[in-house]
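Reader: I am new to this structure and would like a close look at a single part of it. Could you take me slowly through the way the domains and the core are arranged?

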Amino acid sequence: MWLTIKEALSSEKLNINVTVKGWVRTFRSNRFIALSDGTTIKTIQCVVDFENFDEFIIKKINTGAAIEVSGNLVESLGKGQTVEVIAEEIKILGEANPEEFPLQPKKHSLEFLREIAHLRPRTNTFGAVLRIRHHLAFAIHKYFNDKGYFYLHAPIITGSDAEGAGEMFKVTTLDLNNPPKNEDGSINYKEDFFGKATNLTVSGQLEAELGALALSKVYTFGPTFRAENSNTSRHLAEFWMIEPEVAFADIFDNMDIAEEFLKYCINYILENCGDDLEFLEQRKIDAEKDLPQDQRSAMPLRETLKFVLENNFERLTYTEAINILKNSKPNKKKKFQYLVNEWGVDLQSEHERFLVEKEFKKPVILYNYPKEIKAFYMRQNDDNKTVAAMDILFPGIGEIVGGSQREERLDVLKQKIADFNIEEEEVWWYLETRKFGTVPHAGFGLGFERLMLFVTGMTNVRDVIPFPRTPKNAEF
Ligand code: 4AD
Ligand code: MG
């Protein structure tokens with residue numbers, strides 16, 4: 001009977017004949033194979049009595065080789081495992097030359113592993129990350145499904161720029177060496193595939209709003225693309241975003257939903273990914289060993305996750321945050337790279353992290369931002385200075401969620417569009433939802449990889465997505 005390694009390790013029946021298949025992690029003393037098939041972080045031990053096997057088979061049991069082992073599943077006498085397979089038959093499915101296979105059993109840096117992203121899923125770290133990534137995506141769908149939201153598939157190719165920023169990848173079938181031109185020398189996109197200029201989407205929000213104004217509660221969950229040239233540990237050119245949008249909701253409903261949703265996801269991972277979390281927790285402790293005390297995590301990974309579940313997120317306005325930052329030690333001692341002197345400045349990640357990690361020591365929801373530093377669609381507050389925007393900031397990460405109540409008043413929205421120099425013809429369909437049956441509504445966007453950073457304790461978004469897309473990097 002062929003069992004996955006996860007099934008074999010938890011088998012209630014023992015002394016049965018089983019077959020397991022996987023990749024050799026180690027082969028110790030020509031006797032003990034640690035075999036992994038990725039179904040669990042654990043390996044199964046296969047015990048080989050080499051006198052029973054041809055030498056040329058034994059020689060091919062190298063780290064990285066794919067093999068099939070059949071034999072008796074028995075209680076293990078050795079330490080570290082409960083059951084093991086006494087090998088009776090071994091088939092070499094795919095060899096791995098030890099001279100060439102780069103993943104020999106020793107410590108590899110995350111930077112090196114990024115260069116072999118085609119093989120890194122076979123490491124413990126990336127196996128754990130990829131399994132958690134699956135469970136987290138599943139938790140997200142489960143949360144929304146259970147709460148009566150509908151999954152809306154927003155288009156990936158779009159003719160609009162939702163965030164009003166010029167950081168988009170162009171989509172075209174025009175011959176770049178010889179594009180059709182208008183009389184004034186500009187490119188004639190009327191001849192392009194869609195008859196207009198198109199881009200990869202930066203957000204599914206505008207389409208999610210159309211869905212919410214018909215189905216009440218929807219969410220999107222898809223890839224989004226940003227061509228900003230920011231080479232940081234928090235930015236990808238292709239990342240996944242979850243965008244719920246809810247009709248008949250205001251900014252405070254939005255905060256409640258986001259907080260409940262984030263806690264649900266974190267709790268789901270705690271409940272369903274214990275082995276992988278335990279591994280990643282130890283990995284983080286080891287990785288931080290050589291750091292000075294004040295740069296190490298305050299708590300082990302699982303305690304950090306529980307801490308977030310047990311505490312309310314701190315909610316404060318942008319104005320309150322500015323006052324705290326202005327009077328903070330790093331501001332007064334000029335330790336911030338960007339000093340906070342006046343109301344209206346955009347917050348940098350050093351400020352966000354000060355609030356979360358030093359001032360409140362827990363997640364923070366900042367709301368009511370100056371209208372000038374936020375997107376056109378956010379609802380104007382009565383003070384005429386701020387909009388009903390909210391950002392959620394997480395320890396170790398900074399911004400994880402950005403959202404707002406949306407401007408539902410046609411006249412105000414038209415004015416905002418003009419202020420932001422957006423052509424009305426470009427968003428006529430968006431404006432029509434404010435003309436026909438408009439209602440207050442709100443939503444937010446969660447960066448999937450940023451939440452992955454939080455639940456796995458990894459520190460670079462390149463290490464929580466299978467094949468990262470960053471400036472000058474689209475290998476694999
Ligand atoms: O704050 P952002 O830009 O908000 C929006 O796009 C809104 N349309 C969302 C909405 O209201 N429906 O992006 C939302 C989140 C950020 O808080 C961050 O977590 C993540 O997306 N994010 C990125 N993650 C990885 N790489 C990037 N380049 C990211 N840019 C944003
Ligand atoms: Mg944002």
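Author: The C-alpha centres of domain 1 and domain 2 lie 44 Å apart, where domain 1 covers 5-106 and domain 2 covers 122-166 + 202-463, with bounds that come from an automatic or database domain assignment. This is a predicted model, in which local features need pLDDT of at least 70 and side-chain atom pairs count only at pLDDT 80 or more, while totals for chains, interfaces and linings use all residues. Residues are numbered from 1 along each chain as its sequence is written, chains are lettered from A and ligands numbered from 1 in the order in which they are written, and side-chain values use heavy atoms, with hydrogens and water left out.

The contact between the two domains takes ten residues from domain 1 and eight residues from domain 2, contact meaning heavy atoms within 4.5 Å.

The largest nonpolar core has 68 residues, and those with the most contacts inside it are Met390, Ile392 and Phe394. Such a core is a set of buried Ala, Val, Leu, Ile, Met, Phe, Trp, Tyr and Cys residues joined through side-chain atoms within 4.5 Å; buried means under 20% relative accessible area, exposed means over 50%, and partly exposed lies in between, with a 1.4 Å probe and protein chains only. Helix α6 (residues 251-272) gives this core its largest share, eleven residues, helices being DSSP runs of H or I with at least four residues, and strands being runs of E with at least two, both numbered from the N terminus. Because domain 1 (5-106) and domain 2 (122-166 + 202-463) both give residues to this core, it lies between them.

If we now turn to Phe394 and leave aside its neighbours within four places in sequence, Phe394 is in contact with Leu262, Ile266, Val308, Phe313, Val356, Pro363, Ile400 and Phe454. There is also a second, separate core of 28 residues, which includes Leu206, Leu316, Ala321 and Leu366.

Lys472 has a positive phi of about 65 degrees although it is not a glycine, and at 88% relative accessibility Lys472 counts as exposed. Phe476, also placed in the segment after α14, has a positive phi of about 70 degrees, although Phe476 is not a glycine either; with a relative accessible area of 39%, Phe476 is partly exposed.
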